[in-house]
Amino acid sequence: MVIEKEFGPAGAADWAKTARRIAGIVKCAFGTGALYDRDVLEEKIKIYNTYGIRTMTGGTLTESAIITAGGYKEKPFAEYLRYAKSLGFTHLEFSDGSIYIPEEKRGDIIKMCIDAGFTVISEVGKKDPAKDAKLTVEKRIQLMQHALQSGSSLVILAARESGKGIGVMTADGKVMFDELDEIIGAVGLENLMIEAPNKGQQQDIFMRYGPGVNIGNVQPHDIFSAGALRAGLRGDTIKKLRADAWNKYHLSQEAPEGYEV
Amino acid sequence: MVIEKEFGPAGAADWAKTARRIAGIVKCAFGTGALYDRDVLEEKIKIYNTYGIRTMTGGTLTESAIITAGGYKEKPFAEYLRYAKSLGFTHLEFSDGSIYIPEEKRGDIIKMCIDAGFTVISEVGKKDPAKDAKLTVEKRIQLMQHALQSGSSLVILAARESGKGIGVMTADGKVMFDELDEIIGAVGLENLMIEAPNKGQQQDIFMRYGPGVNIGNVQPHDIFSAGALRAGLRGDTIKKLRADAWNKYHLSQEAPEGYEV
Amino acid sequence: MVIEKEFGPAGAADWAKTARRIAGIVKCAFGTGALYDRDVLEEKIKIYNTYGIRTMTGGTLTESAIITAGGYKEKPFAEYLRYAKSLGFTHLEFSDGSIYIPEEKRGDIIKMCIDAGFTVISEVGKKDPAKDAKLTVEKRIQLMQHALQSGSSLVILAARESGKGIGVMTADGKVMFDELDEIIGAVGLENLMIEAPNKGQQQDIFMRYGPGVNIGNVQPHDIFSAGALRAGLRGDTIKKLRADAWNKYHLSQEAPEGYEV
């Protein structure tokens, strides 16, 4: 999943043509779509969809819509969903990173978004590091399981665009694998998308969980490096990922004969 | 104001189409225009102007022109101004970041540039952090007031492309708001453009002075994040900027009911 | 030499049109070309070649090809060379950053690549900083001289994409000029390409060796800043590079009269 906030239509088309084999979802982040003309946004979404790359609203925009509407049961929120759908978005990110939504309402909102025609991906995590730090691993797992039971197709473990000091990322951007292992064990690797904007994080995650793990918040131009890491085409992973020595979650650290320096 | 040194004509058009509602001025920085073919530069400038985005020469190029000419009164400098105008630039950045220009000559040069057809924006600050550190707040204010009196339409408080260790930015990129408040109080928020290349700086400045503040040296692709911050569409600003609780220079830190986590 | 892994065909064309006067070689890095459709890669290579910019495979891809083939004497490696040539690449980077190749075989492989129609550029350095640190300056020089004698048109002093903790770059990205002077003295400035991805490194290298030095692993959009540094159009170099006071390897630090602040 790529976090995108920079392309015009021509840039989107050029990127999608090149990235279509390795990109799954483009998230139009930060509500940036609201900053340019409607026809520009529609054109971009259409281009991504044409290349088989799914398109997702950013979660904060949905939060903003709920607040602006005065609550998710108010008419303007339903109108927001219709509007977003009419623009062409296939996916909607549901989150409460900046606002508070009680658990019973979360399920309702997810259902509303699904009924509006979206594939829903639910994010777990707070934008404010101090608030996010209060979420225990157990709480994150519970929120994720609830989101999946409510119909979310995937859950996102948030790390923001910075990848630092949020979720399972330490303040200097290291992955806390003890916590991540626990989350993956509980919700399943196939149900999780891990936001991992930095290359070191991406490499460490591919090394530990194999090329099948879903990563998110990749910058559009970084996807080629990430894809090369995943495919074992970079120096960092050539020996290990090429070894084809995967097990379910842990990669053999032994290199095959002939690979050693 | 965006600092631009990377687009070809197609990239410029694609970006301008997308950014036209939030971008005011594109600065063709570092004299990079001199590195590519004249027709490429002309085409880019025309595209920006067509989308209603004004175009500005970088200040160092003007300094280079003065030095190469052997002084601003020599014929080659007048030729440089004519040439820059013929390329289509609407704005000219006047600075003495790398050279020394006595105060009485500064007014003369600004007048020459206005007479040549440019809207002039004058930058205050030195490229060399050691030299820049010798400029007191009082001196900066005096230089800015003089530049405005001489006909500059705006003054720029320099922070270079790095945003670190120059002007009101500390070595690690924090904004020294005591100094900035003083400068704004003296020259007026509407007359100032604050170079703030880093997102944290942009966020802090929007939070303190509201969405009407002019920021500069934004990277072309960062303008969408900056615009989202300003509009309150990002998690960082959604609660505060949406509160519509601005006063002239200081933003209420209280969130409206219902926004709290 | 630019390290490129992000453009689609339209982006490549737009960039090449703008950069053609200052870019020499584009390296399609990280085997990223293998991640997108063959026709996309071919189109990009053709565009670069049309603008007079030469195109080079990344070295790790060649290493991967040797390993996948089961050795450089096996048929699939010859097929890889034919395939890369048929795509349009003019240059091939030969390296052993991730694998081990005994010295006698290095010459054989370089010859094979030349026979396959490539201009060969040989990189010296290891991807793993711990292994790279074991290469003494003397050993690097010996490997470079051997590569040149074997027919390489240039040798690359590796610094990876990060420019930190590899070759002559310290862990925090400073250039160790004692070592670099020694290497240049032994192999010749004109035979060397120095990977210098960071702007500070580029500036320091231009200041010391003049505008004729070859630098590599420049990001596509950074080439304009690098070109402006080299031409003396940036504040950092305006006074020194404009002074035209070069000697072979060391630049006079004295500014001409009239340049001083």
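Figure 1. Asp132(A) belongs to helix α6 (residues 129–132) of chain A; helices (H or I, at least four residues) and strands (E, at least two) are DSSP runs, numbered from the N terminus. The model is predicted: local features need pLDDT of at least 70 and side-chain atom pairs count only at pLDDT 80 or more, whereas totals for chains, interfaces and linings use all residues. Residues are numbered from 1 along each chain as its sequence is written, chains are lettered from A and ligands numbered from 1 in the order in which they are written, and side-chain values use heavy atoms, with hydrogens and water left out. With a relative accessible area of 2%, Asp132(A) is buried; buried means under 20% relative accessible area, exposed over 50%, and partly exposed in between (1.4 Å probe, protein chains only). The side chain of Asp132(A) makes a polar contact of 3.0 Å with the side chain of Arg140(A) and reaches the backbone nitrogen of Lys126(A) at 2.8 Å. A polar contact is a pair of N or O atoms within 3.5 Å; within protein, one must be able to donate a hydrogen and the other to accept it, and residues adjacent in sequence count only if both atoms are side-chain atoms. Not counting residues up to four places away in sequence, Asp132(A) touches Gly125(A), Lys126(A), Arg140(A), Ile166(A) and Gly167(A), where contact means heavy atoms within 4.5 Å.

**Figure 2. Packing of helices α9 and α10 in chain A.** Helix α9 (residues 199–209) of chain A and helix α10 (residues 223–231) of chain A pack at an angle of about 25°, their axes lying 10 Å apart. The angle therefore makes α9(A) roughly parallel to α10(A), a description applied to angles under 35 degrees, with those over 145 roughly antiparallel, 65 to 115 roughly perpendicular and the rest oblique. Axes are lines fitted to C-alpha atoms, for helices over the stretch in contact, and angles run from 0 to 180 degrees between N-to-C directions. On the α9(A) side the contact is formed by Lys199(A), Gln202(A), Gln203(A) and Phe206(A), and on the α10(A) side by Ser225(A), Ala226(A), Leu229(A) and Arg230(A).

**Figure 3. Lys126(B) in the loop between β5 and α6.** In chain B, Lys126(B) lies in the loop between β5 (119–124) and α6 (129–132). Lys126(B) is buried, its relative accessible area being 10%. A polar atom of the Lys126(B) side chain lies 2.7 Å from the backbone oxygen of Asp96(B), and the backbone oxygen of Ile99(B) lies 3.0 Å from a polar atom of the Lys126(B) side chain. Lys126(B) and Arg160(B), 34 residues apart in sequence, are 9.0 Å apart in space, C-alpha to C-alpha.

Figure 4. The Asn217(B) side chain reaches the backbone oxygen of Arg160(B) at 2.8 Å. Apart from neighbours within four places in sequence, Asn217(B) is in contact with Met1(B), Ile3(B), Lys27(B), Arg160(B), Glu161(B), Glu195(B) and Pro197(B).

**Figure 5. Helix α1 of chain B.** Helix α1 (residues 9–19) of chain B is mostly covered, with eight of its eleven residues buried. Among the buried residues of α1(B) are Asp14(B), Trp15(B) and Thr18(B).
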